[in-house]
Every structure is written in C-alpha cells, then in structure tokens.
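Reader: Could you take me through one part of this model up close? I'd like one spot and its surroundings, in plain words.

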Amino acid sequence: MKNNNTKGNKNNRNRRAEFEKLCGYRILAKGIMRSNDTWTTSLNNNDVIIGSTGKGKTRGYVEPNIRSATHSMVVADTKGLLYRRNSEVLREKGFEVHLIDFIHPENSEHYNLLDAIRRYEVDATDEKGNSVKVTKYFKADLKKLASVLVAGDTRDQFWIDMARNVLVSLIAYVLEVYPREEQNMKTVAELYKVLSDETSNNKPDVSFFDEQETIDPKSFAVSMFHMYRGIIVADKTWAGVLAFVTNALEVFTYDEYDNIFAGESCITFRELGQRKIMYFLNISDNDRSMDHIINVFYTQLFQGIMEEADTNEDGILKVPVRVILDDFASNIIIEDFDKLIPVIRSREIYVSIILQNVEQLEHMYSHPQASTIINNCDTMIYLGGARGQTAKFIADVANKLPESVQDMSGDKVMVYTSGQGAVFADRYVD
C-alpha cells in the first residue's frame, strides 16, 4: 500500500520543479540578473524603476525582460512599439499574445468590463413549478466597478455616491434582463440614455425599473434604483448626479470603441495564472480620456489573478504573473494599491513600477501610501536624471551621497536590493 504522504511529497516536488522552470529571471543591468524564485531569494519580485525621460527605462529594463520572460505578463505599452516588436517572438516561444489597444481601437481585441463580474448559479423554480438554474452575480463586483468608473473630488461625495448608485442599478438591470451577448457597457450606456432623457412631461423614463419590480420584486437593480429615486424630482440635484454618470459612460457611446467594449472578452484574467499569456495594453501617455477605463482594467486584473491563486491548494498561481506598469504615476490609480502590493508576493504576482520621479507617485497617492508602495519593492533601479526630492530619496535609500546620484554617468545604472545595498553597473543594452 502506498503511503499518501509519500505520494503527496512527490506531487509537491513535481510541482516545485515545474514552478522553478516558470520562474526564470529578470535583467536589472548589464551583468546583473535576479532569479524570480522567491523561495530561494527570500525577496519579493516587485521592482521600482526610476529615471527621467530618455534614460532607457524601456530599452534597458522593460523590453529585455519581455523577451526573456518565462511566465505571464501584462505590459503597459504607451507607444504600441512593444507589441509590434515582440509579439511574434513571444508566440514562437509558446506564449498566447493579446492586444488591448485604446489608441487604435480598430486593432484591438475585445475587453468587456462586465465579463469580469463573478457569477454563480442557484436552484430556483419557474412560474410552472419546474426546477431551474438561475445565474446570480457578485454585487460587490458591481459596486467596485462603479466606484472606479465614477471618480471625483471628495467635496462632491454626495453626487459621487448617488452617481455610483445610478450606475450600479443600470449594470444590474442589464445583467438581470438582457441576454448574455448584450451584457456590455455599451448596452449600459444606451439604457442610461433612456433614464437621463426627459419624456414629454419633463420627467425621466423609469418605466423599465417599474416593470422589473413587477417581474422580480427582489431585483437588486430595482433596490439600487430606489436608493436614488427620490432625488430624480429635484432638478438641480439630479442634474449634478447625471454629470458624473455621463462622464463615466461617455466613452462607451463612441462607435469607434465598439470593437473593444461591445464583444465578449478575448480572455479572462484568471487564465493568466493558468498558462503563459502576454497582454499588451496600448494606452496613451498624453490623452487622459481613457484613464478611468484603464483603472478598471487593473482593478479587475488583480482581483482575477488573486482569486485564481486563492483557489489553488497551495495558494499560489500555477504560472506567475508580472505586471509592468510603465508611466505608472501618469495615468492610473489602482484602488487600494498600497494595501494590495504587500499581499501579492505570497501568490506569485509581481509588479514593475516605472516612474520618472518619486514626486509623481505622491501626486497620485498620499505620502504614506506612496511610501508603502515603494517600501514593498525589494529592488530599485535608478537610471539617472533625478534632481531635488527624488535625488535625495534615492541617495538615502542607497546610503549614497546625493552628489553620486545626481552626477551618475549616463551609461550607468544603480541597482539597490533590500538587505544587500546598492551597486553601480553598466546600463543593459540588447
């Protein structure tokens, strides 16, 4: 009779060996490579890369690590060059490669924001007394989606909260009533047009909610509708709420984005942790109109891959995932990122945060939040060009004189590793 413990140990060894193959390494500078196997290095794999414009953050870090990757990645590609230069090479290495292109949507694969909402089935009885399966959805996912899409100054919190309630009610209605192939944000935007357009008696048309309440008195969509129904008659208040909802949904009304938002997503985020996949996210570094959608993408991404890790017996992803956040502080605010970054290591999820300077991060997050984010990166790569607060910060972290940071040669980089100190090295050139 075989010992179950022996069989379990053998499975663990096999799992460990397979995992080591997937870990690989990353390139930090010429002659400096770092294993991604956190079990042997005792370091997290989070990197912060700091360097002013033109200092080679893409050529010296991002692209070499894409080409040497052995596990899944999500890459912010602000110029679209990384996908064009590397997609075929990656496919030849066995990667599944996808492009979500917010700059040239006609070239993009589909990204349906509602596909990331978790669903489950429950037993129910239809009107004829037959047993049926009814699909339900996680209400918390709807509220999270609305909270990211509708943003604003805390001084406008009442209008923001009401606008989020409006959006949750519309999304919930689409999920409850529309067929699966029509469950997308374009449908939500079309439904919002019905709600926001005044009828002949100068009142919004809410008949579709009334009808749904008759059909399903327990409808979540209807319950959310009742949370703001009372303010519809208050013209100025209602107009203020609608302004926030309009801003959140406007991009989904543009025909040119139908190719992204109106179809079924090309992949689910959880699958990144199951097989080798590359996602390139082509986003603008100067047009801010899509920022709230990109924020949703990252929020849903981390939720999906963390959930995938947590469902595995050992609590880690079968295939590690690295998220390369280029131009991080310019265009995205990942909700609760300071709380997220300390807990992803144990799940084999890594981030590369790319900044021009430290001040950028503190413009997007509070000083304590920014400090938490940077302190949870065991590796810092500095490529030059820093002045003022950033130069002082880097010098303090690396225990170097500020002059050595500011006067660093253009062909050098400084690599700091937690617990090991800082070294100067030649810039990596592919």
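Author: His292 counts as buried because its relative accessibility is 15%; buried means under 20% relative accessible area, with a 1.4 Å probe and protein chains only. Before going on: this is a predicted model, where local features need pLDDT of at least 70, side-chain atom pairs count only at pLDDT 80 or more, and totals for chains, interfaces and linings use all residues. Residues are numbered from 1 along each chain as its sequence is written, and side-chain values use heavy atoms, with hydrogens and water left out.

So where does His292 sit? Its place is in helix α12, residues 291-311 (helices are DSSP runs of H or I, at least four residues, numbered from the N terminus). Skipping neighbours within four places in sequence, His292 has contacts with Val148, Leu149, Asn247, Ala248 and Val251, contact being heavy atoms within 4.5 Å.

Now the largest pocket, with about 750 Å³ of space. A pocket is an open set of points on a 1 Å grid over the protein atoms alone, where a 1.4 Å probe fits, with protein on both sides within 12 Å along at least five of seven lines; lining residues have an atom within 4 Å of a point. The volume is the space filled by probe spheres set on the points, which are joined across faces, edges and corners. Val148, which His292 touches, is among the closest to the pocket's centre of 34 lining residues, along with Ala151, Gly152, Asn295 and Ile333. Helix α12 is one of the elements that each supply at least two lining residues, as are α5 (139-149) and α6.

Terms used. Buried < 20%, exposed > 50% of the residue type's maximum accessible area, 1.4 Å probe, protein only.
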